[in-house]
Amino acid sequence: MRTPRARTAAAACVLLALSAPSAAANSGTGTGTGNIVVAPAVTTRDEPVTVTVHAASCRTGSASSPAFGETRLTPQPDGAGGHATPAVSRDVAPGSYDITVTCDDGRSVTRTAAFTVINGAVRGGEGVADGASTADLVIGGLMVASALIGGGVLWLRGEGREDRPAA
């Protein structure tokens with residue numbers, strides 16, 4: 001009977017699926033809430049960030065933040081919104097910063113903690129600061145452990161199947 005094996009495999013997949021979003025949340029390639037995407041998620045002073053608004057009705061307007069002031073949005077070539085690439089101020093303090101986008105039609109939206117400014121250099125060019133954090137290591141360890149446990153259970157359940165009569 002294959003039902004217990006299928007249930008065990010499904011349970012292992014559920015464990016992996018539940019742990020994967022936590023790991024992906026710290027990917028560092030950019031963050032987005034609603035229609036605002038900021039990349040990279042982690043940067044240093046005097047470096048540019050790309051702010052993209054994904055809304056056809058907001059192709060022009062401005063993006064502002066205490067980290068870089070106010071900058072104009074340029075329409076996306078595909079007509080799906082606007083973007084800007086402001087440089088983070090040289091004298092800004094390390095920390096998380098909000099971005100407010102104001103469209104020319106008067107609507108505005110704020111992305112809280114849109115990006116983080118750190119001291120020093122950013123390695124890898126994609127917003128990776130100082131390697132994996134403790135939380136990253138714990139999440140990765142749990143993912144590996146759940147995969148090993150699920151595989152071990154499947155392997156043990158498969159032992160001796162050839163000797164059993166068919167149901």
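Residues 24 or more positions apart account for 56% of the contacts in this chain that have a separation of 6 or more, where a contact means heavy atoms within 4.5 Å. The model is a predicted one, in which local features need pLDDT of at least 70, side-chain atom pairs count only at pLDDT 80 or more, and totals for chains, interfaces and linings use all residues. Residues are numbered from 1 along each chain as its sequence is written, and side-chain values use heavy atoms, with hydrogens and water left out.

**Confidence and layout**

The pLDDT, which is the predictor's confidence in each residue from 0 to 100, averages 76 over the chain, and 67% of the residues score at least 70. Where pLDDT is low, the predicted coordinates should not be read in detail.

There are two helices and ten strands, taken as DSSP runs (helices H or I, at least four residues; strands E, at least two) and numbered from the N terminus. Their order from the N terminus is α-β-β-β-β-β-β-β-β-β-β-α. Helix H2 (residues 134-158) has 25 residues and reaches 36 Å from its first C-alpha to its last, close to the 36 Å expected at 1.5 Å a residue; that expected span is 1.5 Å times one less than the number of residues.

**What is inside**

Of the 167 residues in the chain, 26% are buried. Buried means under 20% relative accessible area, exposed over 50%, and partly exposed in between (1.4 Å probe, protein chains only). In H2 the buried residues are Ile139, Ser146, Gly150 and Gly158.

The largest nonpolar core holds 21 residues, and Val51, Ile99, Val101 and Phe115 have the most contacts inside it. Such a core is a set of buried Ala, Val, Leu, Ile, Met, Phe, Trp, Tyr and Cys residues joined through side-chain atoms within 4.5 Å. Strands S2 (36-39), S4 (50-54), S9 (95-103) and S10 (108-118) each give two or more residues to this core, and S9 supplies its largest share, four residues. Leaving aside residues up to four places away in sequence, valine 101 touches partners including Ile36, Val51, Val53, Leu73 and Val109.

Glutamine 76 sits in the loop between strand S7 (74-75) and strand S8 (81-84). This glutamine 76 is buried, with a relative accessible area of 15%.

**Salt bridges**

A search of the whole structure finds three salt bridges, each a side-chain nitrogen of Lys or Arg within 4 Å of a carboxyl oxygen of Asp or Glu.

| Arginine | Aspartate | N to O distance |
|---|---|---|
| Arginine 90 | Aspartate 46 | 2.8 Å |
| Arginine 72 | Aspartate 104 | 3.4 Å |
| Arginine 107 | Aspartate 105 | 3.0 Å |

Arginine 90, in the loop between S8 and S9, and aspartate 46, in the loop between strand S3 (42-44) and S4, are 44 residues apart. Arginine 90 counts as exposed at 62% relative accessibility, while aspartate 46 is partly exposed at 39%. Aspartate 104 lies in the loop between S9 and S10 and arginine 72 in strand S6, so their pair ties together parts that are 32 residues apart in sequence. Arginine 107 is partly exposed, with a relative accessible area of 42%, and aspartate 105 is partly exposed at 48%.
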